[in-house]
Amino acid sequence: MSLRLASLLLLLLIWELASALAGSRLLPSPQAVLAVIGAEARSGALFLNLGATLARVLAAFSIAMALGAALGLAMGRNKAVDRFCDPWLIVLLNLPALVVIVLAYIWIGLNEVAAVGAVALNKLPNTAATVREGARALDGSLDEMAEVFAMPFRTRMRHVILPQLAPYLAAATRSGLSLVWKIVLIVELLGRSNGVGFEIGTAFQLFDVTRLLGYALPFVAIMLMIETFIVQPIERHVSRWRPKHA
Amino acid sequence: MLDVAIARKTLRNASGESRIVLRDVALSLKSGEVGAVLGPSGCGKTTLLRVIAGLDRDFEGNVLLPTPHKIGMVFQEPRLLPWRTVAQNLELAGAVPGAALDEIVAALGLSQHLSHFPGELSLGLARRVAIARAFAISPDLLLLDEPFVSLDAALALRLRAELLALVEARKVTTLLVTHDIDEAIALADRIVILSRHPGSTVADRVIETPRRAMTPPRAEKAKAEIEALIAGAAG
């Protein structure tokens, strides 16, 4: 913990020194960024924009995780589904995020559905591919046990299959949250009139690095808090049955 | 209660060759009867149990079971859900909490372990949980696949006695697969002997002496007879 703190302090120190060398226009000092954050918070704009971005992140993430996990599970369990969907998956995995976003805006319009849908579609193949690996590694002997004891479908899903997929879902969540929020910023920059991405776009036009950092850093802090206070505790809870090793 | 007539069962190995594992296997059990399938390693005993349990439907022949039926199975490995506690493992399989379940749990010495995860149990304890799970659903048919293999002799003997007490108390029709002649004699009313690969029924023998009246000399005599039957099948 103290090592983490020292590392953060070192980062701040380097920032401070670099800003002194580079000049405040290119790289403002931490104090200047903090002042902008304070001003934006007082006007309420900061929370409005952070909230808009966070809502888009959560919506896109939930859709991508739910559909991606279902698709990955079906592909990992059934060879025919796997063969049928695999080419689609490869196309989606290799389609640049920008292409999906622009197409969504052109086809659906400059609205929330297009924005969230485009982000979800970018994350979905990634989740499906990860969960497919998990589904392929499912323990057949436990499946047979569930079959002999005639466990109902819901019981099987919840108590036999999902616990085995938990590490894969956790990996998809980790990489997913960070990927989704980065793409959300691009979506906002290109076609929304609020959110962190929109504010960063405005700051770019004005060459206002202070404002850019003033919006980017609080959002990074929010994502860090989600990881520490939500994702990690859930992970600890679902892996509590594993024997602890020193 | 249970009528099995398998004309042929083939299995395909990883390189795609198929081989016959069971041929002309017939056995039947009356309600409440305990049967043992005895045979050398690799003669298809486990395949036979899987066919009866409905896990493998790709065979020529018939398996007749009353419908509807509940099957309790003890696999060679415990096959517990490692992420659920012992109590949850029992309940998820269909055990109803109550006096009957408490009795089974107590009989198998598991009362102290209900809140433990399977990873915290020794193999012997995990085996007992698997046995408790099979009993706890009050099955119509109990299938046991070498349930005491790789346990030390003393523990196997104790678990065998506990199993026997449960079978006697509940009058469950039971089919046990084993390669251990003593185990088959100690537990079964009826012994079916399978030949070496591919397994086929070579003898179906009813043990006249009830299990409780079994004495060492009588067991010795039964063992000698069965060994003679096995030798006859091999020769």
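Predicted model: local features only at pLDDT ≥ 70, side-chain atom pairs only at ≥ 80, totals over all residues.
Let me begin with a helix: eight of the nine residues of α1(B) are buried, so this helix is largely enclosed by the rest of the structure, where buried means that 20 or more other C-beta atoms, placed from the backbone, lie within 10 Å of a residue's own, exposed means 12 or fewer, and partly exposed is in between. The buried residues are Lys45(B), Thr47(B), Leu48(B), Leu49(B), Arg50(B), Val51(B), Ile52(B) and Ala53(B), and just after the helix Gly54(B) takes a positive phi of about 85 degrees.

Residues are numbered from 1 along each chain as its sequence is written, and chains are lettered from A and ligands numbered from 1 in the order in which they are written.

Now to chain B overall, which has seven helices and nine strands, these being DSSP runs numbered from the N terminus, H or I of at least four residues for helices and E of at least two for strands. Its radius of gyration is 18 Å, close to the 18 Å that the globule rule gives for 235 residues, so chain B is as compact as a globular protein of that length; the radius is taken over C-alpha atoms, and the rule is 2.2 Å times the number of residues to the power 0.38. Of the 235 residues of chain B, 41% count as buried. Taking residues as in contact when their C-beta atoms, placed from the backbone, lie within 7 Å, we find that among contacts in chain B between residues at least 6 apart in sequence, 73% join residues at least 24 apart.

What does α1(B) lie across? Helix α1 (residues 45-53) lies across β1, β2 and β4 of chain B, running at about 120 degrees to β1(B), with axes fitted to C-alpha atoms, for helices over the stretch in contact, and angles from 0 to 180 degrees between N-to-C directions. These strands form an open sheet of three in the order β2-β1-β4, with antiparallel pairing, where pairing requires at least two DSSP bridges between two strands. Because β2 (18-29) and β4 (60-64) of chain B stand at the edges with a single partner strand each, one side of each is left without a neighbour in the sheet. Strand β1 (residues 2-12) is joined to β2(B) by 10 bridges, and Arg8(B) has Arg23(B) in β2(B) as its bridge partner.

Strand β5 (residues 71-74) of chain B pairs with β6(B) in the parallel sense over four bridges, Val74(B) having Leu144(B) as its bridge partner. Likewise, β6(B) and β7 (residues 173-178) pair in the parallel sense over five bridges, and Leu141(B) has Thr173(B) as its bridge partner in β7(B). With helix α5 (residues 153-170) of chain B, β6(B) and β7(B) make a right-handed β-α-β unit, meaning that, with the strands pointing away from the viewer, the path from the first strand over the helix to the second runs clockwise.

Definitions and conventions
Contact = placed C-beta atoms within 7 Å.
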